Amino acid sequence: DFSLLVIDECHHTHKEAVYNKIMLNYLQQKLSGQQDLPQVLGLTASPGTGGATSFEGAVEHILQICANLDAEKITSVQEELQHLQSHVPQPRKQYDLCQERAQDPFGEQLKKVMEQIQQYMEMPGLPQDFGTQIYEQRIVELEKRAAETFCRKMRVCMLHLRKYNDALLINDTVRMIDAFQCLQQFYATERDMKDPTERFLTTTFEENRTSLQALAGDRRYENPRLGKLEEILREHFQPPDASRGIIFTKTRQSAHSLLSWLQDTAALSGQHIRAAVLTGTGYSNQTKHMTQNEQQDVIKLFREGALNLLFSTSVAEEGLDIPECNIVVRYGLMTNEIAMMQARGRARAKNSVYSVLAKASSREISRELLNEDLVELMKRAIRVVQAMPEQEYRLKIRELQRVAVASCLMKEARISERRQLHDPDAVYLYCVNCNMAVCRGSDIRTVESMHHVNINPNFGLYYRVSSGKIQFQRTFKDWEPGCRIMCSECSQDWGMEMIYRQVKLPILCIKNFVVETPAERKRYKKWSNVTFLVKEFDYLEYCS
């Protein structure tokens with residue numbers, strides 16, 4: 001029982017976000033006539049335009065956010081705006097532009113290796129736009145299709161091509177050596193050398209390793225972005241000024257790479273810069289995630305002044321208690337108007353600077369300019385909603401709420417219907433890598449409606465465990481993590497063991513399997529999307 005619900009960063013009360021799921025439950029209760037529901041207060045610096053670039057679309061988005069929050073009105077500072085601005089200074093915005101590399105022999109050699117792999121595949125019509133997000137999307141689609149059609153050669157090649165594409169993207173963002181190390185770590189992991197495709201791809205990398213490493217260490221071809229960032233840091237971290245800054249970058253990989261670059265740059269070693277990385281807590285197979293305690297430790301040191309520079313992903317844009325900065329740099333980022341405003345809001349110290357560091361005439365610059373226009377569009381849309389007659393506003397909000405609740409109920413019904421499509425006993429799971437059939441859908445149970453485990457005692461014949469238990473920062477009431485599990489045939493990662501009330505159960509990660517039903521073979525990202533019913537784990541039945 002509570003009377004007030006405060007939703008900070010309430011622009012997230014939209015679509016599939018957790019805030020919106022909470023509020024949909026609230027709206028269902030409200031529309032069914034329930035009384036004494038809590039008041040809702042939503043707070044945000046920027047509701048955004050929801051992807052709309054037209055005035056009508058922006059107004060519709062603002063109304064939808066208000067409907068989702070059950071907001072009686074939307075308020076913003078108007079009368080005391082000048083007074084507020086005198087207490088919250090706005091940073092000076094600057095565009096720090098750099099040029100393309102004059103020569104990129106390291107990147108060119110990576111592209112030649114990618115061409116060699118594509119020739120080995122003997123598939124005409126493969127994309128050639130190496131080193132782009134569009135290429136990555138196409139490769140991910142082809143890898144998924146290869147998994148579902150049991151084309152192992154194609155799938156393995158796609159996985160390796162994606163890693164080379166990652167290396168090209170890293171090379172474009174940070175140093176050549178960071179890109180080389182990304183590939184070296186990938187090829188250092190255990191793989192199934194019985195497979196001829198894996199042997200070919202590993203041999204190809206080994207043949208190019210020495211020359212790639214030599215090019216990666218040649219400073220003549222280093223990234224111009226880093227030279228520009230060095231200039232910015234040298235300007236703002238001149239002793240004895242007490243500067244404090246955040247460099248926002250796209251990925252965890254680039255945040256760690258930038259810290260490594262700073263530590264290796266002799267010209268910055270005497271600048272009194274005390275830096276650390278701040279990234280998200282969510283698990284990623286690309287780069288190690290931070291725990292919540294590690295995040296809090298870094299923020300505490302930053303707040304106290306023991307650290308004065310953070311290399312951060314978007315996690316520091318909002319929701320965390322970060323002290324005021326006098327220099328904020330968006331390093332090669334292309335995001336929306338909300339992220340722009342949130343990042344800019346971190347530069348709240350007097351005479352602070354908000355820098356956009358990007359290549360001249362790049363998509364990042366175009367997007368930043370568009371974001372500035374969208375912020376003005378958002379402000380106009382907010383003013384129109386604020387000026388609406390009360391009766392008209394309430395009618396629009398009520399209609400949007402009815403539609404949202406009806407859509408939610410329809411979606412739940414479709415999900416429930418989808419889960420009944422196939423008999424679990426007629427569903428088979430195959431290893432995504434070697435295509436070995438390993439279990440049926442009827443072998444799967446959920447523990448605490450969350451963890452999908454295999455209860456068939458014969459399943460242990462198909463996997464082996466890694467040495468050493470997985471370590472989590474937090475502890476759980478009824479279970480603890482065990483070891484990683486992998487395919488006994490090809491070493492493909494499958495998930496992990498859990499020890500649940502003294503019983504050892506293998507948890508399966510659905511993306512590491514191909515699911516075959518009487519209708520099709522498909523690869524899923526989430527267990528919630530499968531087309532068969534998964535029963536809850538019965539501890540007493542299992543033990544007996």
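Glu-9 is buried in this predicted model, with a relative accessible area of 13%. Its phi is near 55°, a positive value in a residue other than glycine. Most residues other than glycine have a negative phi.

**Residues with positive phi**

- Glu-9 is placed in the loop between β1 (4–8) and α1 (18–31).
- Gln-502 also has a positive phi although it is not glycine, the value being near 75°.
- The location of Gln-502 is the loop between β15 (493–500) and β16 (503–508).
- Gln-502 is exposed, with a relative accessible area of 74%, whereas Glu-9 is buried at 13%.

**Strand β8 and its parallel partners**

- Strand β8 spans residues 353–359 and is mostly covered, as seven of its seven residues are buried.
- Strand β3 (residues 92–98) runs parallel to β8 and is joined to it by seven bridges.
- Within this pairing, Arg-92 has Val-353 of β8 as its bridge partner.
- Strand β7 (residues 327–331) likewise pairs with β8 in the parallel sense, over five bridges.
- Opposite Tyr-331 stands Leu-357 in β8.

**The open antiparallel sheet**

- An open sheet is formed by four strands in the order β10-β9-β17-β18, with antiparallel pairing.
- Its edge strands are β10 (437–440) and β18 (521–522), each of which pairs on one side only.
- Strand β9 (residues 428–431) is joined to β10 by three bridges, and the two run antiparallel.
- Leu-429 stands opposite Cys-439 in β10.
- In general, strands of a sheet pair through backbone hydrogen bonds, either parallel or antiparallel.

**Packing of α4 against α8**

- Helix α4 (residues 105–121) packs with helix α8 (residues 196–216) at an angle of about 165°, and the axes are 10 Å apart.
- Angles over 145 degrees count as roughly antiparallel, and α4 and α8 are therefore roughly antiparallel to each other.
- The crossing in which α4 passes α8 is right-handed.
- On the α4 side, the contact is made by Pro-105, Phe-106, Gln-109, Leu-110, Val-113, Gln-116, Ile-117 and Tyr-120.
- On the α8 side, the contributors are Pro-196, Thr-197, Phe-200, Leu-201, Thr-204, Asn-208, Ser-211, Leu-212, Leu-215 and Ala-216.
- By class, the contact of α4 with α8 has twelve nonpolar and six polar residues, and no charged ones.

- Thr-313 lies in the loop between β6 (309–312) and β7.
- Thr-313 has a relative accessible area of 8% and is buried.
- Beyond its neighbours within four places in sequence, Thr-313 is in contact with Phe-248, Thr-249, Lys-250, Thr-251, Arg-252, Leu-278, Thr-279 and Gly-280.
- One of these contacts, Arg-252, belongs to the residue range of helix α10 (residues 252–264).

**Ser-260 in helix α10**

- Ser-260 is found in helix α10.
- With a relative accessible area of 24%, Ser-260 is partly exposed.
- Ser-260 and Arg-175 are separated by 85 residues in sequence, while their C-alpha atoms are 9.8 Å apart in space.

How values were computed: Residues are numbered from 1 along each chain as its sequence is written. This is a predicted model: local features need pLDDT of at least 70, side-chain atom pairs count only at pLDDT 80 or more; totals for chains, interfaces and linings use all residues. Side-chain values use heavy atoms; hydrogens and water are left out. Buried means under 20% relative accessible area, exposed over 50%, partly exposed in between (1.4 Å probe, protein chains only). Two strands pair if DSSP finds at least two bridges between them. Axes are lines fitted to C-alpha atoms, for helices over the stretch in contact, and angles run from 0 to 180 degrees between N-to-C directions. Angles under 35 degrees count as roughly parallel, over 145 as roughly antiparallel, 65 to 115 as roughly perpendicular and the rest as oblique. A crossing is left-handed if the near helix is turned anticlockwise from the far one by less than a right angle, and right-handed if clockwise. Contact means heavy atoms within 4.5 Å. Ala, Val, Leu, Ile, Met, Phe, Trp, Tyr, Cys and Pro count as nonpolar, Asp, Glu, Lys and Arg as charged, and the others, Gly among them, as polar.
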